[in-house]
Amino acid sequence: GCYFEGMTFRGVNRLTVRQGGFKAELPFDVNVHDVMLPAVGAKSYKYVNWINYDSIAACHGLEPWSEAHYAMIERYAHLAVRSRQTMATVPLFLTTNGVPEEAKLVRLVRTLDRAGIAWFLGWHFCGFYQGRWHVSPLAVKGYEWPVTTPAGAQKLAEAAAGLNAILDRHGLKGRWYQHVVDEPSPQHVSDYRAACAIVRKNLPNVRLFDATET
């Protein structure tokens, strides 16, 4: 076997290598430099981790979307920014009518913004019909209306248009990215293309941001 030993004495660093009866001492110098990372912000590398806001409430025994919950979310967001996260997911808070709930959405965005989050990533409009992962058509949230049916296309258009109006009213369009569906597979190419077309038409000038399997 070969063994390595490190030691420092009299200000000299040495690496000692031993193998059988062989021994070698290799002196080396260590230079330590000051390093300053640039502040994280809009010009930093875009980096997102999904955040489960319901889990934050549950773990801390807080009523979801209460004042205490928003305060705790802000603490988590500060830690995310400290680890150089620049983008955070935002639930769309779709109502029973299928349109985003403006007050909650904007309140959460403002909370994340105060912590230093530079970009916002809207949660998925679509999922898999009846929640059957990868084996069913893509459908609008609630997974009740396949996107290729007239009812599904209408629901998706209304949700995207509703979000577009909110972003325009609050000057958020330039900081927003949007998920359509998580991990569509090759069998969903036509459904995904149709869903993206509807979203682009009703949520213009917003980049789509999805993990895809093809």
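Predicted model: local features only at pLDDT ≥ 70, side-chain atom pairs only at ≥ 80, totals over all residues.
**Helix α2**

Helix α2 holds 16 residues, 67–82. At 1.5 Å a residue it should span 22 Å, and its end C-alpha atoms lie 23 Å apart, which agrees. Its buried residues are His 69, Tyr 70, Met 72, Ile 73, Glu 74, Ala 77, Ala 80 and Val 81. Just after α2, Arg 84 takes a positive phi of about 75°.

Strand β5 covers residues 87–90. In a regular strand the side chains alternate between the two faces of the sheet. In β5, both faces are covered. Met 87 and Thr 89 are buried on one side, Ala 88 and Val 90 on the other.

Strand β4 (residues 48–49) runs parallel to β5, joined to it by two bridges. Here Val 48 has Met 87 as its bridge partner. Strand β6 (residues 119–122) also runs parallel to β5, with four bridges between them. Met 87 stands opposite Trp 119 in β6. Together, β5, α3 and β6 make a right-handed β-α-β unit.

**Aromatic pairs**

The whole structure contains seven aromatic pairs.

| Pair | Centre to centre | Angle between planes |
|---|---|---|
| Trp 50 and Trp 123 | 4.6 Å | 75° |
| Tyr 177 and Phe 209 | 6.1 Å | 85° |

The pair of Trp 50 and Trp 123 links distant parts of the chain, 73 residues apart. Trp 50 sits in the loop between β4 and α1, and Trp 123 in the loop between β6 and β7 (126–128). How exposed is Trp 50? Trp 50 is partly exposed, with a relative accessible area of 44%. Trp 123 is partly exposed too, at 27%.

Tyr 177 lies in strand β10 (residues 176–178), and Phe 209 in the segment after β11 (207–208). Their pair therefore ties together parts that are 32 residues apart in sequence. Tyr 177 is buried, because its relative accessible area of 11% is under 20%. Phe 209 is partly exposed, at 31%.

Ring pairs also link Tyr 53, Trp 65, Tyr 70 and Phe 93 into a cluster.

**Charges over rings**

The charged end of Lys 46 sits over the ring of Trp 119, 4.4 Å from its centre. Lys 155 lies over the face of Trp 145, at 4.7 Å from the ring centre.

**Helix α4**

Helix α4 holds 20 residues, 150–169. Its end C-alpha atoms are 29 Å apart, which agrees with the 28 Å that it should span at 1.5 Å a residue. Its buried residues are Gly 152, Leu 156, Ala 157, Ala 159, Ala 160, Gly 162, Leu 163, Asn 164, Ile 166 and Leu 167. What covers them includes α3, β7, β8 (138–140), β9 (145–146), β10 and α5 (189–202). Just after α4, Gly 171 takes a positive phi of about 65°.

How values were computed: Residues numbered from 1 in each chain as written. Heavy atoms only, no water. Expected span 1.5 Å × (residues − 1). Buried < 20%, exposed > 50% of the residue type's maximum accessible area, 1.4 Å probe, protein only. Pairing = 2+ DSSP bridges. Right-handed = clockwise from strand over helix to strand, strands pointing away. Phe/Tyr/Trp six-rings, centres within 6.5 Å; stacked < 30°, edge-to-face > 60°. Lys NZ or Arg CZ within 6 Å of the ring centre and 35° of its normal. Contact = heavy atoms within 4.5 Å.
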